[in-house]
Amino acid sequence: MIMAERAVPSRVVAAERVASEAGFTKSCAPEVGRLLKLAAASKPHGVVAESGTGSGIGTAWLHSGLGGDARLMTVERDEELARRAAEVFADDDRVSVLTGDWRLLEQHAPFDVFFCDGGGKRDDPEKVVELLAPGGLLLLDDFTPSPHWPPRFGGEVDELRLFYLSHPALDATEVLTTPTSSAIVAARRL
Ligand SMILES: C[S@@+](CC[C@H](N)C(=O)[O-])C[C@H]1O[C@@H](n2cnc3c(N)ncnc32)[C@H](O)[C@@H]1O
């Protein structure tokens, strides 16, 4: 039986082309992309942020759920990647692609949706939580599913995952995105 493929937004396709031309291989999977779209769509007037633009694939998924009144800020420290990704969104003034360290995002906080994917996630997790608006959604991908509590990775307790999953200001859970990878989805308490 031939399975019909699910539609992929045209800007995701454009950002995939950028990734391929640039030899960039760290983009999010479509399963994560659909979660990003859903999160952005849940905050139609919100400020949506992403750290680590890469070639713009995650940005394009966020964009596909972006409300008419919403704004999307993304930051990438690799100048060439940021320049190429910015071209994908050049015709939409709701989107800003910043070039530099992820801390540039701070001036645009608080965030209603934050896909923290390059900078912040590991080096300053407390700041990541601080940048969320009350009710704001945090998404973190690229974890390896763990059947244990506390979660383990490589035989050790995964302290970073534990930090987010048990943070007192967050309601957080881990969801399977593929059979071999998971994401954390969290909402900041009011
Ligand atoms: C996993 S990739 C991002 C993939 C992209 N979010 C997506 O979903 O397609 C991580 C990116 O973060 C960038 N990065 C890493 N540390 C950073 C920092 N401190 N500030 C800004 N960008 C950073 C890297 O250059 C890389 O392009």
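Guide: What follows is a set of questions and answers on the terms used for this structure.

Guide: This is a predicted model, in which local features need pLDDT of at least 70 and side-chain atom pairs count only at pLDDT 80 or more, while totals for chains, interfaces and linings use all residues. Residues are numbered from 1 along each chain as its sequence is written, and side-chain values use heavy atoms, with hydrogens and water left out.

Visitor: What is the order of the strands in the open sheet?

Guide: The order is S3-S2-S1-S4-S5-S9-S8, an open sheet of 7 strands with mixed pairing. Strand S3 (95–99) and strand S8 (170–178) are called edge strands because each pairs on one side only.

Visitor: How do you know that H4 packs on the sheet?

Guide: Contact means heavy atoms within 4.5 Å, and helix H4 (residues 79–88) touches S2 and S3. Its direction makes about 165° with that of S3; axes are lines fitted to C-alpha atoms, for helices over the stretch in contact, and angles run from 0 to 180 degrees between N-to-C directions.

Visitor: Which residues of H4 are buried, and why are they said to line one face?

Guide: Buried means under 20% relative accessible area, exposed over 50%, and partly exposed in between, using a 1.4 Å probe and protein chains only. The buried residues of H4 are Leu81, Ala82, Ala85 and Val88. Seen down the helix axis, they fall within an arc of 105°, so they line one face of H4; the arc is that of the directions from the helix axis to the C-beta atoms. These buried residues pack against helix H1 (10–22), S2 and S3. The face turned away from the buried side carries the exposed residues Glu79 and Glu87.

Visitor: What makes Asp78 a cap of H4?

Guide: A side-chain oxygen of Asp78 lies 3.0 Å from the backbone nitrogen of Glu80, at the N-terminal end of H4. A polar contact is a pair of N or O atoms within 3.5 Å; within protein, one must be able to donate a hydrogen and the other to accept it, and residues adjacent in sequence count only if both atoms are side-chain atoms. The distance of 3.0 Å is therefore within the cut-off.

Visitor: Which ligand distances are set against that cut-off?

Guide: A polar side-chain atom of Glu50 lies 2.9 Å from a nitrogen atom of the ligand. A polar backbone atom of Trp102 is 2.9 Å from a ligand nitrogen, and a polar backbone atom of Gly58 is 3.1 Å from a ligand oxygen.

Visitor: What is noted about the phi of Asp142?

Guide: Most residues other than glycine have a negative phi, and most peptide bonds are trans. Asp142 has a positive phi of about 70° although it is not a glycine. A cis peptide bond joins Ala109 and Pro110, with omega about 5°.

Key:
Two strands pair if DSSP finds at least two bridges between them. Helices (H or I, at least four residues) and strands (E, at least two) are DSSP runs, numbered from the N terminus.
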